[in-house]
Amino acid sequence: MYTPQPDGGWIRNRLQLSFAGHDVEIVQAPEFINANPADFRGQSIETTEVIVRSVDPAHREGVIEKLRGLAVLLSFITCSQVVLRGWEHSSSEPQAQFWSVVAKIACFRPVLNTINGRVVREYMELVWPAYFKLEKPRKLRVAFDYFVSAEALSLPLELKLATMFVLFENLKATFASELGYRFKNGYYYQPSGKKWSFKSLLQEMFCKVGMNPSLDEIIALRNEIIHSGISQMSYDEQHRIYGKCQDIAREYLLRLMGFSGSFFLYSGRGMTKCCRVD
């Protein structure tokens with residue numbers, strides 16, 4: 001949808017969608033929508049207003065939680081720290097609440113084409129049911145925070161890699177916990193009583209969503225960085241493996257939430273699409 005401007009022109013900055021049982025309108029600030037996101041990289045800027053109409057006061061807190069989830073889902077596809085800064089609701093007491101937040105824009109090699117409103121709307125409407133179903137058992141807010149932090153915080157490459165390794169550890173642990181695998185002395189155990197290795201449990205996790213990525217070089221670099229803090233591998237090789245971690249994480253999280261369509265590979269420098277059809 002379009003918004004009239006003081007100069008008599010119009011700007012397309014409104015996106016209407018159905019989200020978590022509500023009709024939602026996302027309104028992006030005109031001064032931001034016409035700008036290059038790279039110009040704001042590393043900054044904290046209020047860019048967007050979300051409007052949810054006809055909210056019963058008794059349901060206000062539930063809607064606020066849904067908006068936090070919406071922010072998490074936007075964080076993922078923009079590779080930026082999107083957070084809920086506050087709310088206003090004239091039909092209840094208190095009528096408003098705002099928080100001090102720290103969130104940085106990155107918008108570097110985003111997961112989806114976020115300039116295309118149709119792509120964003122279809123993504124949000126498609127994934128929200130699975131997201132809220134899995135949010136607590138799979139600790140998805142934590143998982144997405146790791147994913148975004150690797151890019152948004154301008155970390156050294158070894159710390160970016162370490163953050164991705166922790167993300168995989170987190171996803172592996174919540175996967176095992178959800179399936180009821182016994183955990184003892186630092187290991188998860190199969191129903192047969194056999195220990196799961198880090199690699200085999202990750203492979204099992206990926207297999208459940210139809211993936212079979214090669215993990216050997218990722219695990220080798222993980223072990224080297226975790227045990228020594230640095231790697232003897234060249235910067236280019238480390239960066240290539242980091243891109244591979246990004247690609248795997250993107251595909252896994254999208255598949256986990258039931259997404260179907262195309263997404264940008266990090267290793268393709270934001271230009272190459274990987275297509276998936278259910």
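Which residue in β4 stands opposite glutamine 16? I looked this up and found glutamate 25.

**Basis.** I worked from a predicted model, in which local features need pLDDT of at least 70, side-chain atom pairs count only at pLDDT 80 or more, and totals for chains, interfaces and linings use all residues. Residues are numbered from 1 along each chain as its sequence is written, and side-chain values use heavy atoms, without hydrogens or water.

**Sheet.** I traced an open sheet of 3 strands in the order β3-β4-β5, with antiparallel pairing. Strands here are DSSP runs (E, at least two residues), as helices are (H or I, at least four), numbered from the N terminus. The edge strands are β3 (14-19) and β5 (48-52). I noted 6 bridges between β3 and β4 (residues 22-28); pairing requires at least two DSSP bridges.

**Core.** I then turned to the largest nonpolar core, with 73 residues, where Phe76 and Tyr123 touch the most other members. Such a core joins buried Ala, Val, Leu, Ile, Met, Phe, Trp, Tyr and Cys residues through side-chain atoms within 4.5 Å. Beyond its neighbours within four places in sequence, phenylalanine 76 has contacts that include Tyr123, Phe147 and Leu254; contact means heavy atoms within 4.5 Å.

**Glutamine 246.** I located glutamine 246 in helix α8 (residues 235-256). I record it as buried because its relative accessibility is 0%; the cut-off is under 20% relative accessible area, with exposed over 50% and partly exposed in between (1.4 Å probe, protein chains only). Leaving aside neighbours within four places in sequence, glutamine 246 contacts Phe147, Ala150, Glu151, Met164 and Tyr266.
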